[in-house]
Amino acid sequence: MGYVDILGPYFPAQHGDNPNAIRFIAEASPPNPHSSARSTSSPMAAFASTSPSPAISASTWRMESLRAALPALRPSASAAIGAGLRPRKQAVRLGASASPFLRSSFVSTSSASSSASPASVSSAVSASLAFSYTSSFSVESSFEHRLFGTDVRGRILAMRHGKRIPRLGRPADQRKALLRGLTTQLLKHGRIKTTKPRAKAMRKWVDKMITLAKDGSLHKRRQALGYIYEKHIVHALFAEVPDRYGERPGGYTRIIPTFPRRGDNAPMAYIELV
Amino acid sequence: MSRFVDPLVVGRVIGEVVDLFVPSVAMAVSYGAKDVSNGCHVKPSMAADQPLVRISGRRNDLYTLLMTDPDAPSPSDPTMREYLHWIVMNIPGGTDATKGDVVVPYMGPQPPVGIHRYVLVLFEQKSRLVDGYASPPADRPYFNTRAFASNHELGLPVAVVYFNSQREPSGNRRRR
């Protein structure tokens, strides 16, 4: 036979296996390790090859086991892997680190491979992992909880130490929209009543807007127009801020706590412009 | 932080309306069934009629009560500070505001924009004031509590309470 079957011993044919199952072995190509290595690293190409031959019965890859072994190419795959890694209800995606510990534990807990990770499988997994990392780096606006966070250097962090951005229970786009709306309303009404964490998160943005108005140039006005939803408020702000806050060096808001909300006992607060 | 800060200071009532004072008389204000405490929220519809204001004090003392809005027309732009809502004079101690002489009739809160504070201030009079009838404040807006107190020799207040009120959204507005 003119092929090299690297993955054979690790995926023995199961009883009642479909003889027409996808063969992962490059049958037509001449026997060199490079071609088979290439084919193992591109699972998409392997899916397309469907030439069954009953003589090749040593190893048969089953579609389910192959799919389960490879991570995060489709959301359903990642859900299965996440469920395997940890008993969580939400789908879990791996952090951005490609440490060997992660790789081996990932492979060992998947249902497909029953043995320790061989070199070729791990190379296939790592190549796919690298592929999935580039895709998962794009920000998904969902409620997925990351198993590990990372800091700027790329180290894995399991805790929230030192992270000062209030998340307000929302993904980043909704959070920004909420804060934009709240600052617009505060600048319009002068005093609003909201929950205490939102009031505390707002302070930074209200102070930023007033600082832009204190500067007063056209560029700052356009920056303020890009943040505040109603443009007449921006123009009124730029008109009156120099008189009102000209001498005050910051701290343009005040938060007064008040009675909790009846429906959910949320701590409420008034935030007002000083 | 267990240090207690007076809610009147936190709500900037002391400072913008009155000066720092020592409360000496107990005052209980209630709109119907709702008792007013510092900083509580009262709807304008509930506050349309004048409240029941009960005060302590000795029977032969006379007190003056007034109600103003320091956030008129808008808290971020209080150009009409303060807006006068009510003045009652010559209230005997230990009774309520109906026993006094109304100098400026009660007007309910009607905040156009934002959340307004409505402050009820109680002064102790030195003597029965008759000239309150002769010179009531001309206008409701541009009122000044401190100037009024010094004009009538009322001194520092003896009791202050304030509540918040906000314009109720009209119910028939069609939501897109």
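**Helices and a sheet in chain A**

In this predicted model, helix 8 (residues 196-215) of chain A lies across strand 3, strand 4 and strand 5 of chain A, and runs at about 140° to strand 3 of chain A. Helices (H or I, at least four residues) and strands (E, at least two) are DSSP runs, numbered from the N terminus, while angles run from 0 to 180 degrees between N-to-C directions of axes, which are lines fitted to C-alpha atoms, for helices over the stretch in contact.

The 3 strands form an open, antiparallel sheet of chain A in the order 3-5-4, where pairing requires that DSSP finds at least two bridges between two strands. Its edge strands, each pairing on one side only, are strand 3 (191-195) and strand 4 (253-257) of chain A. Strand 3 of chain A pairs with strand 5 (residues 268-273) of chain A over 5 bridges in the antiparallel sense, and A:Thr194 stands opposite A:Ala269 in strand 5 of chain A. Helix 7 (residues 172-189) of chain A also packs on the sheet, touching strand 3, strand 4 and strand 5 of chain A (contact: heavy atoms within 4.5 Å).

Residues are numbered from 1 along each chain as its sequence is written, and chains are lettered from A and ligands numbered from 1 in the order in which they are written. Local features need pLDDT of at least 70, side-chain atom pairs count only at pLDDT 80 or more, and totals for chains, interfaces and linings use all residues, while side-chain values use heavy atoms, with hydrogens and water left out.
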